[in-house]
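Hi,

Here is the structure I promised to pass on. Have a look at it first, and my notes on what turned up follow below.

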Amino acid sequence: MNDINSFLSRLNSIINFSTILPKIILIVGLITIVITDLVNKGKNANFLYKIFLISTLVSMGILFYQLISVIAFEDLYTNNTFNNLFRFFILICSFISVLLSVDYVLCSKISLVEFPLFKISAGLGGMILSCATNLITIYVSLEFLALSSCFLSGYTKRDIRSNEASMKFLLMSGASSSSLLNDFSLLYGFSDGQVQLDNIIDKILFSQYIPIICISAAFILAGTAFKLSLFPFHQWTPDVYEGSPTPVVAFFSVTSKVAALCLFTRLFRLIFPYLSNEWHIVVELLAISSMILGNLIVVTQRSFKRMLAYSSISQIGYVMIGILAADLENGYASMITYRFIYIFMNLGTFARITPFSLRTGSDNIKDYAGLYMKDPVLTFSLVLCLLSLGGIPPLSGFFGKLYLFWHGWKAGLYLSVTVALVTSVISIFYYLKIIKLMLTKTTNLVDTLKTYENQKSLVSSIISTKLKSSVEMAMILCALASTLSGLFMDPIIKITRNTFF
Amino acid sequence: MNLSELIHEFILALIEPGILVGSIGTVSFINIANSTFSLGLVFTCISLLYFALNADFIAAAQLLVYVGAINVLIVFAVMITDQSVSSDSEKRGIGYFTALGACSILFLTIVCIFHKINDFYSSSIHQSEYLKLNLFEKNDVQNIGYQLLNKFLVPFELASLLLLVALVGAINPARDEDEGKDIAENKKKSFVSSTSPRDKSSFF
């Protein structure tokens with residue numbers, strides 16, 4: 001009897017411990033990278049990246065295994081489906097974005113080691129943010145994510161635009177997290193010293209403190225909407241996206257937005273259930289304005305990365321509809337499925353831009369003219385991803401948007417869904433404009449494309465072929481995922497349905 | 001008011017003008033070195049305030065971290081940079097008055113909130129709760145240490161990782177590396193061969 005008891009308790013402790021096992025694996029990977037570089041003194045760059053990829057894959061595997069079990073661990077975080085899905089997404093993002101950044105880092109001759117270090121730490125911060133239910137854990141992990149993203153965006157230190165981007169990012173993220181901290185102190189004070197989110201709801205006397213609750217809701221909105229780049233807080237997005245190195249933009253355009261979405265949803269769902277009408281109206285207003293603003297300004301953009309920045313602002317507007325439309329039987333299914341599809345679409349688009357900008361050194365949309373003749377694979381996959389972003393029928397972006405808008409219409413958000421439909425049409429316009437530019441055979445090529453072939457051979461002589469194909473692997477993966485996920489829509493929706501709390 | 005409350009009020013009355021004078025001095029001194037020293041005065045007075053509010057751990061942490069590390073770093077940086085004494089322009093544009101208006105509105109809001117809270121919390125029910133809390137905090141530092149390793153273990157360890165990443169990230173832009181030149185030379189020499197021995201990216 002004693003043996004069985006001790007065995008069961010040991011098993012129990014192992015299972016309890018394993019909820020943080022993915023994060024521990026990431027931490028071990030981080031430390032291994034630092035120590036390996038210290039020992040090897042800079043050779044074996046591929047090895048470092050392999051460590052990163054292996055640790056990400058292992059923690060993804062463990063997380064996948066844990067998606068089955070639902071076990072709570074301490075007060076710091078719980079292990080429900082919502083958290084696990086977001087953590088899984090963040091791991092996918094980190095994995096794919098590292099695949100497409102290896103080439104870039106080697107080619108631009110910047111120092112090698114710190115890049116996977118910052119990426120792991122940003123992924124780690126995002127993962128802990130996704131399952132934190134404690135005010136302090138939320139703040140520390142948010143700062144971790146913001147700081148690592150800031151270092152990543154300033155990584156190419158000889159480029160002035162990169163310096164400017166990281167400076168802007170640092171200042172604005174500092175301002176927004178100070179507003180968030182202000183709000184946390186309000187919540188802490190008015191709930192008699194409770195730090196756990198669940199206990200805060202119990203203790204706050206809503207009838208007495210309504211103005212304070214409204215003020216704290218406003219602060220939380222200001223703090224989290226920065227990371228999501230919602231309408232009035234979106235000013236940092238185009239400049240930071242344009243200035244940072246391209247694989248870094250790919251990484252934090254998906255990772256930090258996924259983590260910030262999780263934070264936003266959790267905070268607003270748990271703390272302000274009594275105020276649902278008020279914050280629904282405000283968030284709806286913000287969503288509508290981000291959709292309109294993102295889609296209208298993007299028409300005038302000339303740089304590809306800035307265009308993607310504005311399009312991500314409008315995509316967040318669509319996702320906000322999904323948050324507002326959450327109800328009991330469906331949970332946050334629409335938001336999460338759209339987010340999942342968006343990860344692949346966005347990373348796919350960046351996976352095409354990165355080799356293009358490596359080979360030609362330019363970011364202008366006009367330089368993409370006639371790309372069809374030079375590199376049909378790149379063109380075709382870029383066409384697929386852009387169409388999926390726009391929402392054209394057989395691709396998965398269409399299914400994601402369809403589900404999102406249908407869900408929103410059912411929840412009664414008629415104005416938002418109408419605006420979203422109109423702005424989707426506008427977005428299709430500018431994506432098609434780029435595709436038309438790429439696919440038309442122009443007789444006089446742009447100068448940058450004339451040197452396209454030469455540059456390509458230069459690049460391939462330096463880097464080993466294994467690394468060169470990692471970007472293509474990421475490209476093909478994302479293209480396939482953004483095309484075929486539409487077919488697997490139903491199982492995805494079924495998994496994400498169970499996420500209401 | 002008995003003697004202890006009188007002493008408390010007296011100490012607060014000493015510290016608060018210190019903070020006020022220090023912060024005004026930080027903003028309005030023309031010589032930057034003077035303003036960093038008055039910033040040190042502000043931090044010291046804030047830590048004395050923490051002592052008066054019975055939070056000894058935070059007071060010690062404030063003295064060590066803010067005065068001892070951050071302020072020293074700022075003074076160091078100011079004294080190294082060779083900047084001429086700049087004179088402010090006497091013109092006060094529209095931005096000045098807008099900021100003045102916004103800050104004074106915020107200040108009045110905070111004062112009103114504190115008055116309302118003061119009225120609310122000076123009722124007798126909450127006084128007894130505060131007395132109960134005071135008995136608990138005899139060993140402040142022990143309590144903090146206990147909580148840090150039990151309830152707040154994850155943020156504590158995460159903060160240590162954050163320090164590591166912040167250190168690496170701070171050194172990264174400031175580091176001096178010559179490898180760009182060497183790589184270019186190597187590339188010219190061994191253009192045909194596939195893998196050229198790449199110079200090390202030394203960590204230091």
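**What I found**

Chain B has eight helices and zero strands (helices are DSSP runs of H or I with at least four residues, strands are runs of E with at least two, and both are numbered from the N terminus). Along the sequence, its pattern reads α-α-α-α-α-α-α-α.

Before going on, some housekeeping: this is a predicted model, where local features need pLDDT of at least 70, side-chain atom pairs count only at pLDDT 80 or more, and totals for chains, interfaces and linings use all residues. Residues are numbered from 1 along each chain as its sequence is written, chains are lettered from A and ligands numbered from 1 in the order in which they are written, and side-chain values use heavy atoms, with hydrogens and water left out.

Back to chain B: of its 204 residues, 20% are buried (under 20% relative accessible area, with exposed being over 50% and partly exposed in between, using a 1.4 Å probe and protein chains only). Taking contacts (heavy atoms within 4.5 Å) in chain B between residues at least 6 apart in sequence, 49% join residues at least 24 apart. Asn54(B) sits in the loop between α2 (32-52) and α3 (56-80) of chain B, and has a positive phi of about 70° although it is not a glycine. Most residues other than glycine have a negative phi.

Ser229(A) is in the loop between α10 and α11 (236-243) of chain A, and counts as buried because its relative accessibility is 0%.

Helix α6 of chain A covers residues 114-130, and its 17 residues reach 24 Å from first C-alpha to last, close to the 24 Å expected (1.5 Å times one less than the number of residues). As for cover, 17 of the 17 residues in α6(A) are buried.

A cavity here is a set of points, on a 1 Å grid over the protein atoms alone, where a 1.4 Å probe fits but cannot get out; lining residues have an atom within 4 Å of a point. Grid points are joined across faces, edges and corners, and a volume is the space filled by probe spheres set on the points. The largest cavity holds about 70 Å³. Two or more lining residues come from each of α7 (135-153), α8 (160-190), α10 (210-228) and α12 (246-271) of chain A, and α10(A) gives the most, with four.

Ser176(A) is one of the residues lining the largest cavity. Ser176(A) belongs to helix α8 of chain A and counts as buried because its relative accessible area is 10%. Leaving out residues up to four places away in sequence, Ser176(A) touches Ala222(A), Gly223(A) and Phe226(A).

Finally, the largest nonpolar core has 156 residues, and Phe304(A), Met307(A), Met320(A) and Met335(A) are those with the most contacts inside it (a core is a set of buried Ala, Val, Leu, Ile, Met, Phe, Trp, Tyr and Cys residues joined through side-chain atoms within 4.5 Å). α12(A) gives the most to this core, with 16 residues. Not counting residues up to four places away in sequence, Phe304(A) touches several residues, including Thr349(A), Tyr368(A) and Ile434(A).

Cheers

How values were computed:
1 Å grid on protein atoms, 1.4 Å probe; cavity = no way out; pocket = protein on both sides within 12 Å on 5 of 7 lines; lining within 4 Å.
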